[in-house]
Amino acid sequence: MKKNLILKIALLLILVLLSSIAVATLIENKFSSELSWQLVYSSIWFELLIILITFLMTLNFIRIIVIKKEFKLGSFVLHMAILLIVIGGISKKHIGFQGEMYLSKNEKSNVSYSKDYYMILNANKKDQSLEYIIKGNDSFEHDFDIFGKTLNLKNKYYYQYIKQNIVKDEENGYGVMDFEIILNNSRKHYIFEEFGKLNLENLKIYFNKEPQNLNSPYIKIVSNQHQMINFKSNIDVVSNFEEVYEKNKIHEFHPGILYKIGKVQLLADKITTLGRVQTEFDKTKQGKSALFSSVKFDNILKEVILNESGKHYSSYKKSLFYDDIDIELNWGKLENKLPFFIKLNEFDIKRYYGSNIVSSYESKISLFDLDGNRLLAEDIKVNEPLRYKGFSIFQTTSSMYGGTVLHVNYNPTFWILYLGYFLLCLGLIIILFSKNSYFSRLKQSL
């Protein structure tokens, strides 16, 4: 075996690494940066390739010192720099995080969202609960173990614009309710098909289902072939006509009436005992998007629709019910809570003079601690980020709602990378001016 075989293998792997980066760049230019990260940069094989190259170069350096007994300061510094850069890069990936934050003017938030999409499955059975968080795009398929039974979930296709209507179905219909929830000055739209459960902060809403906890605030709405449309709550309910509905008693439920249950307001647009949900393409392109999936559980195959929710970003949700097991599906981005709040004071889009071509995005933001005390105020622009306690906040683009989109990068070991870059430059300088280096010999020959 030749003595320089280790170095030759390392150089071959470096060539593979550079080729992989080139392919990732082509994927990014032709398709998207998300796909290039998914296939190359975030893959396990790419990380293992970098680790193997670092290991071989370190092994080669040790061979030179121990076997050849040659110590060159420049080579030593250069190898240490490469080692630190690799350690810093891997620790950044596994310890830190990258996310996006969406803010409208005067909005304050401490929530950033992951770059990748995940399928989050929650299952409950009496006092037992399960949660799975699996990374996956819109072609996701996975088998989940749900209390000893296998659930197969497959994302089939994605529609950008759909509209859903409740239609009468006298033969095969079931209880369906189309309603809105008004809470904290925000309105959200929901559709319950046959069965439904909605967990809010201070209230649980059940549709044709029995409450699991009779001591927790709830409202149960019944709409099926065997009973009239009615509701029951364990707390007092008041209508927009100031009519009071006594708790723990059955009352008629009517669409068009605004029911106030504690801090929650519920307004049903339509409710029927014999109906179904009709889904079709929205030609006006005003409707929301949806993810069509299939779920097979307990030998029952269901075609389900995960409806879009969320203001600034899209997540897709669906609740399923099997006897005593409740399953909630949520395909979307993961939330990361920051240790401070960011408030958008102003957002401006700069354009080149005399055209509509964007030249820059600029945000005026303020940082607040969790107690509401202002920490600092800063203007950030493209390529001019705000750095604060290991966090780097970059300006990226504008949101579809007229606000800003910020990229939040957290890397507590950034100093390892900076030290590696410093040693890399120092090592190159030492090699450049070393007496026995190739550059010195070349200079002497001139």
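**Strand residues, salt bridges and cores**

His407 sits in strand 25, which covers residues 404–410. The model is predicted. The side chain of His407 makes a polar contact of 3.2 Å with the side chain of Gln98. Leaving aside residues up to four places away in sequence, His407 touches Gln98, Gly99, Ser392, Ile393, Phe394 and Thr396.

Now to Leu258. Leu258 belongs to strand 15, residues 258–261. Its relative accessible area is 15%. Buried means under 20%, so Leu258 counts as buried. Beyond residues up to four places away in sequence, Leu258 touches Ile182, Val238, Ser239, Asn240, Gln265, Leu266 and Leu267. Glu180 is 78 residues from Leu258 in sequence, while their C-alpha atoms are 9.6 Å apart in space.

Glu180 leads on to the salt bridges. The count comes to 15 salt bridges. In one of them, the side chains of Glu180 and Arg187 meet at 2.9 Å, N to O. Arg187 has a relative accessible area of 52%, so Arg187 is exposed. Glu180 has 17% relative accessibility, so Glu180 counts as buried.

A second bridge pairs Glu210 with Lys220. Their side chains meet at 3.1 Å, N to O. Glu210 lies in the loop between strand 9 (204–207) and strand 10 (218–222), and Lys220 lies in strand 10, so the pair ties together parts that are ten residues apart in sequence. Glu210 is exposed, with a relative accessible area of 56%. Lys220 is buried, with a relative accessible area of 15%.

Lys249 has a relative accessible area of 43% and is partly exposed. Glu246, at 44% relative accessibility, also counts as partly exposed. Elsewhere, salt bridges that share partners join Lys197, Lys209 and Asp326 into one network.

Next, the nonpolar side of the picture. The largest nonpolar core holds 22 residues. Within this core, Met177, Ile205, Ile221 and Phe253 touch the most other members. Strand 6 (174–183), strand 9, strand 10, strand 15 and strand 16 (264–281) each give two or more residues to the core. Strand 16 supplies the largest share, four residues.

Ile221 shows the contacts of one core member. Not counting residues up to four places away in sequence, Ile221 touches Met177, Ile205, Tyr206, Phe207, Asn208, Asn230, Phe231, Phe253, Leu266 and Ile271. Among them, Met177, Ile205 and Phe253 are named with Ile221 as touching the most other core members. Leu266 is touched by Ile221, and Leu258 touches Leu266 as well.

Note on methods:
Residues are numbered from 1 along each chain as its sequence is written. This is a predicted model: local features need pLDDT of at least 70, side-chain atom pairs count only at pLDDT 80 or more; totals for chains, interfaces and linings use all residues. Side-chain values use heavy atoms; hydrogens and water are left out. A polar contact is a pair of N or O atoms within 3.5 Å; within protein, one must be able to donate a hydrogen and the other to accept it, and residues adjacent in sequence count only if both atoms are side-chain atoms. Contact means heavy atoms within 4.5 Å. Buried means under 20% relative accessible area, exposed over 50%, partly exposed in between (1.4 Å probe, protein chains only). A salt bridge is a side-chain nitrogen of Lys or Arg within 4 Å of a carboxyl oxygen of Asp or Glu. A nonpolar core is a set of buried Ala, Val, Leu, Ile, Met, Phe, Trp, Tyr and Cys residues joined through side-chain atoms within 4.5 Å.
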